[in-house]
Amino acid sequence: YIHKKHVENANTNQKVDQGIARKSKTFIRTTPSTKSVPVTTYSSGTLIYYKTFNNYWNEVISVNGKSVSGFIHKNHIGNQKVVFIDAGHGGSDPGAVDNGLREKDITLDISKRVKKQLESAGYMVVMSREGDTYPSLSDRTNHANSIKANIFVSIHVNSGGGTGIETWMMSNGPESSKSKILAENIQKEMYNQTKARDRGVKDGNLHVNRESKMPSVLVEVGFIDTKSDADKLKQSTYKNKLATGIVKGIKKYFQIMF
């Protein structure tokens with residue numbers, strides 16, 4: 001005999017859902033127990049299809065399109081909105097360089113601030129890079145597409161002697177109408193936070209907007225070769241304002257679209 005408190009009935013006839021691995025080392029186990037042997041592990045951001053098994057565990061069906069049998073704890077998988085944040089350049093590609101700044105450093109700094117704010121608000125955030133590495137443009141869009149992110153936001157720093165902030169989308173790209181709404185809201189909220197010169201929303205055929213299958217934008221947070229902009233981009237408080245503007249724009253987008 002066994003006490004009813006010590007067992008839990010598995011749910012039956014559950015529909016297949018999809019979620020994203022939440023932990024940097026997410027375990028798929030052979031049985032629904034933290035003491036069971038792991039079948040394998042996956043990094044955060046991995047796309048997982050599953051059925052509910054009981055109140056604490058999900059039964060894994062497939063991972064990244066490949067059939068996998070096992071169980072994952074519900075705390076290790078999320079089905080919230082997934083935001084893909086792309087910190088431009090990185091590694092061997094510094095991006096634009098001027099006024100003692102490198103684009104790749106600024107984009108990563110702001111991206112991490114965006115990630116922190118979004119996660120605090122309950123969003124799942126996957127980044128194209130979290131250190132000084134260089135994923136190719138195809139790596140970035142393929143990654144976002146593979147996890148079926150809800151939106152793609154690429155962060156860059158401008159050059160060419162201008163000043164101010166702008167946001168790019170692609171009018172004949174995938175999900176163009178939604179991309180326009182996303183771009184308009186991010187641009188508006190960045191301006192509200194920074195009061196920088198508003199260069200508006202622009203339309204262009206950029207790889208990240210063309211090859212990503214979800215609504216996507218590319219944000220230019222200032223001009224690295226203009227001293228007034230560069231001086232602002234050296235300030236932690238200013239970078240936090242930019243990140244807050246991007247996050248507020250993302251939130252407004254989801255409020256409108258969902």
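User: What makes a stretch of this predicted model count as a helix or a strand, and how many of each are there?

Analyst: A helix is a DSSP run of H or I with at least four residues, and a strand is a run of E with at least two. By that rule, the secondary structure of the chain in this predicted model comes to 6 helices and 15 strands.

User: Why is strand β15 called mostly covered?

Analyst: A residue is buried when its relative accessible area is under 20%. For the chain, buried residues make up 48% of the 258 residues.

User: How do you know that β15 pairs with β12 and with β13, and in which sense does each pair run?

Analyst: Pairing requires at least two bridges found by DSSP. Strand β12 (residues 151-158) has 6 bridges to β15 and runs parallel to it, with His-156 standing opposite Glu-220. Strand β13 (residues 165-169) is joined to β15 by 3 bridges in the antiparallel sense, and there Thr-167 has Val-219 as its bridge partner.

User: What describes the packing of helix α3 against helix α6, and which residue classes form the contact?

Analyst: Two packed helices are described by the angle and the distance between their axes. For α3 (residues 176-194) and α6 (residues 236-257), the angle is about 145 degrees and the axes lie 7 Å apart, while the crossing is right-handed. The residues of this contact divide into 11 nonpolar, 6 polar and 5 charged.

Definitions and conventions:
Residues are numbered from 1 along each chain as its sequence is written. This is a predicted model: local features need pLDDT of at least 70, side-chain atom pairs count only at pLDDT 80 or more; totals for chains, interfaces and linings use all residues. Side-chain values use heavy atoms; hydrogens and water are left out. Axes are lines fitted to C-alpha atoms, for helices over the stretch in contact, and angles run from 0 to 180 degrees between N-to-C directions. A crossing is left-handed if the near helix is turned anticlockwise from the far one by less than a right angle, and right-handed if clockwise. Ala, Val, Leu, Ile, Met, Phe, Trp, Tyr, Cys and Pro count as nonpolar, Asp, Glu, Lys and Arg as charged, and the others, Gly among them, as polar. Buried means under 20% relative accessible area, exposed over 50%, partly exposed in between (1.4 Å probe, protein chains only).
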